[in-house]
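Visitor: I should like to learn how to read a structural model. May we take one example and go through it feature by feature?

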Amino acid sequence: IPGVHNSAWVQCPTHRVLRGFASGESWAQSRMRNYVEGVVSYFASDARVAAWDIYNEPSMRNSEHWILPRLAAVNGWKEREYPEHWVLDGPKLQAAFALMREAFRWAREARPTQPLTTAVWDFPAEGDDEDVAVFKEELNKELLELSDIPSL
């Protein structure tokens, strides 16, 4: 947003690509696989790479809710009118986790000499409903199981 420092990060993959991946669209799945395999294969034995952070903050789902009021004001949208291509909340989590699991598999197929990881960062917090706390605990357990080394 013009005039607002660091007003929003750019989601990667984009909502369009993440939605396509989750829907099983071959163009999106190929795009993501080619990206992961290409980058990891190219640098698989490069001593400058200490570790591979396969997916940054896979459970991040609030950013769209934070930025929407600003985007609405700048673009003349209704406050709660999200763009149709956005993937939000539960469906976004499901899509991101599916992509994360595949990205680990693709990266391992490249046989890098460096360890793979995804940071454990979304911890249960005071005020979380019990189901949310359990979800975060299970997510962190899976992240640690997928990772060669723990990272925060």
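**Reading the model**

Guide: A salt bridge here is a side-chain nitrogen of Lys or Arg within 4 Å of a carboxyl oxygen of Asp or Glu. This is a predicted model, in which local features need pLDDT of at least 70 and side-chain atom pairs count only at pLDDT 80 or more, while totals for chains, interfaces and linings use all residues. Residues are numbered from 1 along each chain as its sequence is written, and side-chain values use heavy atoms, with hydrogens and water left out.

Visitor: How many salt bridges does the structure hold, and which residues do salt bridges with shared partners join into one network?

Guide: The structure holds nine salt bridges. Through shared partners, Arg33, Glu37, Glu102, Arg105 and Glu109 are joined into one network. Within it, arginine 105 pairs with glutamate 109, their closest N and O atoms being 2.9 Å apart. These two residues are four apart in helix H4, which means that about one helical turn separates them. Both are partly exposed: arginine 105 has a relative accessible area of 37%, and glutamate 109 has 41%.

Visitor: Which parts does the salt bridge between arginine 108 and aspartate 148 tie together?

Guide: The side chains of arginine 108 and aspartate 148 meet at 3.0 Å, N to O. Arginine 108 lies in helix H4 and aspartate 148 in the segment after H5, so the bridge ties together parts 40 residues apart in sequence. Arginine 108 is partly exposed at 36% relative accessibility, as is aspartate 148 at 42%.

Visitor: How many helices and strands are there in the protein chain?

Guide: Helices (H or I, at least four residues) and strands (E, at least two) are DSSP runs, numbered from the N terminus. The protein chain has five helices and two strands, in the order α-α-β-α-α-β-α from the N terminus on.

Visitor: What span should helix H2 have?

Guide: The expected span of a helix is 1.5 Å times one less than its number of residues. Helix H2 covers residues 26-42, so its 17 residues should span 24 Å; the end C-alpha atoms are 23 Å apart, which agrees.

Visitor: Which residues of H2 are buried, and which are exposed?

Guide: The general idea is that an α-helix has 3.6 residues a turn, so residues three or four places apart point the same way. In H2, the buried residues are Ala28, Met32, Val36 and Val40. They cover an arc of only 70 degrees around the axis, taken from the directions from the helix axis to the C-beta atoms, which puts them on the same side of H2. On the other side, Ser26, Asn34 and Tyr42 are exposed.

Visitor: Which residues touch the most other members of the largest nonpolar core?

Guide: In soluble globular proteins, nonpolar side chains tend to be buried together. A nonpolar core is a set of buried Ala, Val, Leu, Ile, Met, Phe, Trp, Tyr and Cys residues joined through side-chain atoms within 4.5 Å. The largest core here has 26 residues, and Ile54, Leu99 and Trp106 touch the most other members. Helices H1 (15-22), H2, H4 (89-109) and H5 (130-146) each supply at least two of its residues. H4 gives the largest share, 10 residues.

Visitor: Which residues does tryptophan 106 touch?

Guide: Contact means heavy atoms within 4.5 Å. Leaving out residues up to four places away in sequence, tryptophan 106 touches Phe21, Gln29, Met32, Arg33, Val36, Glu37 and Leu99.

Visitor: Where does threonine 113 lie?

Guide: Threonine 113 is in the loop between H4 and strand E2 (116-117), and it is exposed, with a relative accessible area of 60%. Beyond its neighbours within four places in sequence, threonine 113 is in contact with Ala44 and Ser45. Serine 45 is 68 residues away from threonine 113 in sequence, yet their C-alpha atoms are 5.6 Å apart.

Definitions and conventions
Buried means under 20% relative accessible area, exposed over 50%, partly exposed in between (1.4 Å probe, protein chains only).
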